Amino acid sequence: MGTDKPNRVGLVISTTPLIRVFLSAASKDSSLSDELQQASSDLLLQSEVPYAPLRAVWMASDPSTRPDLTRLFSGTRFIFSSPKPREKSEELKARLRKLEDLAERKAYQELVKDIAPPKDVPEPFSSYKDQLGFGLHVVVTMFTGYLLGYAAFRALFNHSPAMNAAGGILGLVGAMFVETFLFIIRSSNAETNRTKKFSQKSRSSFSTPSSTKKNQ
């Protein structure tokens with residue numbers, strides 16, 4: 001007996017011996033049309049039959065010879081076909097691959113966070129805001145130095161315009177040297193702090209396994 005399942009739409013039920021007997025008789029019933037006889041023959045070869053054509057054969061059969069509809073469907077069960085898996089679009093596949101790559105990178109960074117130096121450590125003047133703030137600070141400092149030098153030389157050299165200007169320039173240069181010196185100190189301190197933090201993390205990551213072995 002064939003088990004091929006053509007594409008069917010609607011309610012599908014399993015066959016029973018009574019249904020097979022009915023379909024076998026209907027396929028030879030001359031009172032039915034050739035189309036219904038052929039449909040009965042086709043349904044007889046299947047282990048699962050659609051409800052609609054089976055009921056159409058039953059409706060066209062002789063009421064005096066056909067079985068009761070309730071008795072005909074007694075013992076049958078509904079057949080549910082699983083839907084076809086939905087295919088993923090290329091855009092969705094690319095997005096999933098990107099998310100997998102990001103997850104792998106995050107997991108890798110979590111594993112080496114105690115060994116590798118952090119990549120997101122901000123460098124001095126790495127942003128436009130920091131650069132602009134430092135530039136304004138330097139300008140204000142140099143202008144203040146010029147005013148201090150100008151005022152000092154004006155008091156010392158009895159209001160001489162040339163000496164006053166020279167004092168202002170000297171104060172400006174001095175302020176520039178002081179600002180440069182302070183910048184070097186700040187940069188050195190920041191670099192030293194980063195190096196200390198990295199060294200402490202490295203020592204802690206290597207000391208943890210050794211202490212675990214000693215405890216064992």
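Ser 40 touches Leu 23, Ala 26, Ser 27 and Val 57, leaving out residues up to four places away in sequence; contact here means heavy atoms within 4.5 Å. This is a predicted model, in which local features need pLDDT of at least 70 and side-chain atom pairs count only at pLDDT 80 or more, while totals for chains, interfaces and linings use all residues. Residues are numbered from 1 along each chain as its sequence is written, and side-chain values use heavy atoms, with hydrogens and water left out.

**Overall layout**

- The protein has 7 helices and 2 strands, where helices (H or I, at least four residues) and strands (E, at least two) are DSSP runs numbered from the N terminus.
- Along the sequence these elements follow the pattern β-α-α-β-α-α-α-α-α.
- Of the 216 residues, 18% count as buried; buried means under 20% relative accessible area, exposed means over 50%, and partly exposed lies in between (1.4 Å probe, protein chains only).
- Among contacts between residues at least 6 apart in sequence, 65% join residues at least 24 apart.

**The largest nonpolar core**

- This core has 14 residues, and Ile 13, Ile 19, Phe 22, Leu 23, Leu 54 and Leu 72 touch the most other members; a nonpolar core is a set of buried Ala, Val, Leu, Ile, Met, Phe, Trp, Tyr and Cys residues joined through side-chain atoms within 4.5 Å.
- Helix 1 (17-27), helix 3 (51-60) and helix 4 (69-72) each supply at least two of its residues, and helix 1 gives the most, with 4.
- Beyond its neighbours within four places in sequence, Ile 13 is in contact with several residues, including Ile 19, Val 49, Leu 54, Phe 73 and Ile 79.

**Ser 40 and Leu 18**

- Ser 40 sits in helix 2 (residues 34-44) and counts as buried because its relative accessibility is 0%.
- Leu 18 belongs to helix 1 and, at 27% relative accessibility, is partly exposed.
- Once neighbours within four places are set aside, Leu 18 is in contact with Arg 71 and Leu 72.
- Leu 18 and Arg 71 are 53 residues apart in sequence, with 8.5 Å between their C-alpha atoms.

- Side chains of opposite charge can pair when their charged atoms come close.
- The structure holds 1 salt bridge, meaning a side-chain nitrogen of Lys or Arg within 4 Å of a carboxyl oxygen of Asp or Glu.
- Its partners are the side chains of Glu 91 and Arg 95, at 3.3 Å from N to O.
- Both residues lie in helix 5 (residues 90-111), 4 residues apart, or about one turn of the helix.
- Glu 91 is exposed at 57% relative accessibility, whereas Arg 95 is partly exposed at 49%.
- Leu 92, Leu 96, Leu 99 and Leu 102 form a nonpolar surface patch with about 320 Å² of accessible area together; patches are made of residues with over 30% relative accessible area and no salt bridge, joined within 9 Å for like charges and within 5 Å for nonpolar side chains (Val, Leu, Ile, Met, Phe, Trp, Tyr).
- Leu 92 lies in helix 5 and is partly exposed at 36% relative accessibility.

**Annotated segments**

- An unreviewed UniProt entry places the feature "transmembrane region" at residues 134-153 and 165-185; UniProt positions follow the numbering used here, feature names are shortened, and annotations may be inferred rather than shown by experiment.
- Residues 134-153 are 100% helix and 0% strand, with the end C-alpha atoms 28 Å apart.
- Residues 165-185 are 100% helix and 0% strand, with the end C-alpha atoms 30 Å apart.

Conventions: Areas by Shrake-Rupley, 256 points an atom, 1.4 Å probe, with all protein chains shown as cover.
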